[in-house]
Amino acid sequence: MKVSLQWLGDHVDFSEYSIQRLDELLTFAGIEVEGIESLPDHLVVAQILSSEKHPDAEKLSVCQVDDGTGKPRQIVCGAKNYQVGDKVPLALPGCVLDGGGGKAFTIQEGKLRGVDSLGMMCSAKELGLAADADGLLILSPELKAGTPMSEIYPAVFELEITPNRPDCLSHLGVARELAALAKKPLKGRLHFGESTTPVRPAGADEVLLESEACPYYTARIIRGVKVTDSPVWLRQKLESIGLRPINNLVDITNYVLMETGQPLHVFDLAKLEGGIVVRQAAAGETFLALDGKEYELAPEDLVIADAQRAVAIGGVMGGEDSGVVETTVDVLLEAAYFNPQGVRRTGRRLGLHSDSSYRFERGVDPLQVAGVSEFATKLILELAGGTADPELLVAGCAGEGPKPVELDNDYCRRIIGAEIPDTTIDGILASLGLEKAGLFWKIPSYRLDLARPIDLVEEVARVHGLEGIPAATKATFSPASKADEAYDYLRFLQDRLASLGFHEARNLKLISDAQLEDDFATSHRGMSPVRLKNPLNDEQDYLRPGIVPGLLASASRNVRFGNSNLRLFEAGRVFVASMKGEEIEHEHLALLMTGARGLRSWTDSKPTALDVHDLRAVLEAICPDGLNLVPASDGRLLSACAVEIGTGKKAMKIGMAGIVPPSRARELDLGAPVLVAELNLKKLMAAAKSEIRHADLPKFPGSSRDVAMLVPGDLPAGDLAAFFEGYEEPLLISAELFDVFTDPSGAKLASDKKSLAFSLLYRDPEKTLESAEVETAHGKLLDSLKRTFNVEFR
Amino acid sequence: MLDQLATIQTEALAALAAITDETSLEEARIAFLGKKGSLTAAAAGMRDVPVDQKKEVGQKLNEVREAITSALEVAAADLIAKKDAAAFASIDPTLPARPLPEGGLHPLTLVLDEAVRVLRRMGFALAEGPEIETEWHCFDALNTPADHPARNESDTFYFENGKLLRTHTSSVQIRTMEKEVPPVRIIAPGSAFRRDEIDATHLSAFHQLEGLYVDQRVTLSDLKGTLEYFFREIFGSKTEFRFRPHFFPFTEPSFEVDIKLHAAGRAAKWIEIAGCGMVDPAVFSEVGRKRGDAAYDPDRVTGFAFGMGLDRLAMIMYGIPDLRLLIENDVRFLQQFRG
């Protein structure tokens, strides 16, 4: 909402306040100042006394101007649109103007092509008064030279009023608030709750209220008006806050709205057939509004109608063919109260919003309706002539106004936590127009937001400010929650992955239908993805069931920007729906690796591509002991494996890992193998949660034996590892695979075989092993190996 | 004999002084101290030395042996030192490092973690709640009017079954109070969603950090102290900030917190950084109604709540100009936060 400083001055004298101080006053009232339009200092009205051609520049003129000091001032000027004698804005040296793009520049005395120029004459654009302008801004000839421009174009504040304060949606409302905070008197009335016009209940043929959405409606008939342009003062007021003057009657309703916050409407009485009916619209009823558009109405919309048709959408907008035009003679002035919900619903449904609907939606003061009608009538009679009916026609009831609120000052102090004296509390509330009556406070009719004790506490806290309240630093102890444990565990994983060369990614959790196909690394049996009812677009209509789709999109984007060696991880929520339609949220951790194993450098000029074994290394680094990759059939990955922790009955599946199908990788511009894994964080944390116990270090040396064997090419190394793991020989401590050799050419060994070499460590915890004991144990093991796998030793 | 020993010593020391490598060192050792070495041979001649001279010659023999042995050791050490020096001389320390893997955390994680560390020192525990929420948890219980614009389908993502994507982490306040009895002192970081088209300053999903403290006699003064301490820890002890009265449906009184931002080359300006206030009694009443007990009787407990946007915090702390950078995951961007 735009509020003109000059207009506020009608109500409160703020002449000694700087704009900055007013900005602060508003801000600490809880009214956000979104912008201030104001002209700078050192900018005055000047009259052009003479103009001659510049001796050295074709396009420039040398002017002598009167800046109000009585001494002519020389200005070099490039504009052509003026005549000698015109009055124009003049920026004197020291004046700071906006040079566009937020950059300020200061006017200085200088020379233009060798001729002294002691200031700058300005266009409307240069002063920020118009987006575009040709030549100098020519001012009204009545203005006196030397008058500061800021007096002609006063500051205008763009204010954001919070929804709980509809009483501030007017100049009077803002002035009332500021006067209370600045402890200044209001010049005129505090509100329009009083009216001296006699009221007459309207007959059913005059005003008929058919809907609860309008509990109170008044009409004032004024005959014999003359529709014409408004006087200068009124036009200037409206223009100062960005409203376009139309004619005196419309301008008065707009002015009164901005002055009091009460919307009004004027009908051309000649265009109304019969009395006013306030009713719900009929289904399919159409309405041509003032904005020239036709709206199709629905039964939940409220209309003001005559005997024939709707002439206004209640509280939102009048009709095109019932409004005031030049030929209008008799008018009906409508002042009413419409329920906020109805106006809001209609406005939203039709996408139709107006200054009126904005105020009705937030709530106007019903008790002010009659008083504002009287105020507007008086203005109409003054500015448009005519005669008003002696009585105000009234239908319905304006209600009783807000109920008194009880406030225990101890309660107030208890909430605020400061020893604010009774006198301060009472003083603040009284300054806001509340009246104390015993333990209760009488609430002014315009303060619709004050209904509970806490509402009064808010007023005290707001006006008192937090500045003067002590800052307490007491705390209670809190035990760690499940969320704390999960957070700490994730932080551990994040740090570990970062040290393993992974960058943490964060993708939007909303993905497209097509991206669902990229959810390779999760298996949600019997679950379905969760779809939004009202997505923004079809790129973001599903909630991700897994993280890998987002990581693939990130990888693809990176590769297109030339970052082809990628290690990314992401942790966060994923979403699926059960067969019953119940949404389930899980925390997942996903990894993506593609490109070279290391960075190309002088130590490794041709780094090799990452493969599944790198992925396994990372998984082992972040998973607790007992990690198993079990070939899985339910993944659409190549080399898909279920990631399990533990073996046998204790095995817990925590996720999936593998290679993205190359065809999909190519579609995403990803060339090298793309390795991905996705793990369930909660399961991973559960598996990791084992107690760590110290084990004694071996006291005696061990003895190792290497064994190389030829096995079928398709025998998984894991089968041999499992054999050693399960082999019952108390002296065998470990078996490490240290060599894998194949020869596709068949020269050194058959092409369908491979050679695996293990290093076996034997140790006796109680004594140093004799060589013979090792040989015996090792021999038995080799026999068993041969029997089990039919291996050939090399 | 004494002369002979003196000659051997002179010869040996001269030979050792001329040593250049391990081979010549070993040859010298053999030539003097070896089985057939000259000193060994001289020692064998001891038996021919007259008895009255044996003591003197014996002493001389030992002196010579020690002198040669120690010269040998010096020469050997000298050789090793030369070799070491040669080895070091071949190192070019100006060569670039052998690369180690370089990863890092997302800037939002860094900002969140800093905030969490500070708030944990202040006794807050973490809490969480679902991102797919009921309208009751997201709006009704938070005292939001039935026709509040935030509930519009144009502003909030809904599902066919009437649930929605939470529009703020404030729903975790309700989730926590449903389960726990006071005192409750929690922070809840998490995602929230609004139906905004994505541009430099809007994302359809963003990150918030919610705080809630409910106990007997929690006051506005506690809220002020908590947030002042928090922001001074985050932005430095000289940070200027202000509490500006504001309105939220679920707190009363409500404030917004601004900090004064001093960006290079620009006039300092106030930047909104958090919303906060005292929990509205209507919120406690609604929670109490759902719980069916008096644990949150507004006559017995009071509380404060605050919420801040982590994306905005990251933009301010790191000077990030465009929110989209936070979701594009360009490694050239992510690398900047390795710290």
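Modeller: The contact is made by A:P340, A:V343 and A:R344 in helix 7 of chain A, which meet A:S357, A:F360 and A:E361 in helix 8 of chain A (contact means heavy atoms within 4.5 Å; helices are DSSP runs of H or I of at least four residues, strands are runs of E of at least two, and both are numbered from the N terminus). By class, three of the residues in this contact of helix 7 with helix 8 of chain A are nonpolar, one is polar and two are charged (Ala, Val, Leu, Ile, Met, Phe, Trp, Tyr, Cys and Pro count as nonpolar, Asp, Glu, Lys and Arg as charged, and the others, Gly among them, as polar).

The model is predicted, so local features need pLDDT of at least 70 and side-chain atom pairs count only at pLDDT 80 or more, whereas totals for chains, interfaces and linings use all residues. Residues are numbered from 1 along each chain as its sequence is written, chains are lettered from A and ligands numbered from 1 in the order in which they are written, and side-chain values use heavy atoms, with hydrogens and water left out.

Helix 7 (residues 340–350) and helix 8 (residues 355–362) of chain A pack at an angle of about 135°, and their axes lie 7 Å apart. That angle makes helix 7 of chain A oblique to helix 8 of chain A (under 35 degrees is roughly parallel, over 145 roughly antiparallel, 65 to 115 roughly perpendicular, and the rest oblique; axes are lines fitted to C-alpha atoms, for helices over the stretch in contact, and angles run from 0 to 180 degrees between N-to-C directions).

Within helix 7 of chain A, the buried residues are A:P340, A:G342, A:V343, A:R344, A:T346, A:G347 and A:L350 (buried means under 20% relative accessible area, exposed over 50%, partly exposed in between, with a 1.4 Å probe and protein chains only). Their cover includes strand 19 (294–296), strand 20 (302–305), strand 21 (310–313), strand 23 (331–337) and helix 8 of chain A. Just after helix 7 of chain A, A:G351 adopts a positive phi of about 65°.

Helix 9 (residues 369–384) of chain A contains A:T377. A:T377 is buried, with a relative accessible area of 2%. Apart from neighbours within four places in sequence, A:T377 is in contact with A:R220, A:I222, A:L333 and A:A388.

Another pair of helices in chain A may be described in the same terms. The axes of helix 13 (residues 482–499) and helix 16 (residues 612–622) of chain A come within 10 Å and cross at roughly 140°. Helix 13 and helix 16 of chain A are therefore oblique to each other. In this contact A:Y489, A:L493, A:R496 and A:L497 of helix 13 of chain A meet A:V618, A:A621 and A:I622 of helix 16 of chain A. The residues of the contact divide into six nonpolar, no polar and one charged.

I turn next to the sheets. An open sheet of seven strands in chain A has the order 29-33-34-38-37-36-35, with mixed pairing (two strands pair if DSSP finds at least two bridges between them). Its edge strands are strand 29 (503–504) and strand 35 (627–631) of chain A, each of which pairs on one side only.

Strand 36 (residues 638–645) of chain A pairs with strand 37 of chain A in the antiparallel sense over six bridges. A:L638 has A:I659 as its bridge partner in strand 37 of chain A, and A:I645 has A:M652. These two strands form a hairpin with six residues between them, and A:G646 in the turn has a positive phi of about 85°. Strand 37 of chain A is also joined by five bridges to strand 38 (residues 674–680) of chain A, and the two run antiparallel. There A:M656 stands opposite A:E678 of strand 38 of chain A. Six of the eight residues of strand 37 (residues 652–659) of chain A are buried, so this strand is largely enclosed by the rest of the structure. Helix 15 (residues 548–560) of chain A lies across strand 33 (566–577), strand 34 (583–594) and strand 38 of chain A, at about 145° to strand 33 of chain A.

A further open sheet in chain A has five strands in the order 5-4-3-6-11, with antiparallel pairing. Strand 5 (72–77) and strand 11 (120–121) of chain A stand at its edges with a single partner strand each, so one side of each is left without a neighbour in the sheet. Strand 3 (residues 43–53) and strand 6 (residues 87–91) of chain A run antiparallel and are joined by five bridges. A:Q47 has A:K87 as its bridge partner in strand 6 of chain A.

In chain B, B:A15 lies in helix 1 (residues 2–17). B:A15 is partly exposed, with a relative accessible area of 29%. The C-alpha atoms of B:A15 and B:A28 are separated by 6.8 Å, although the two are 13 residues apart along the chain.
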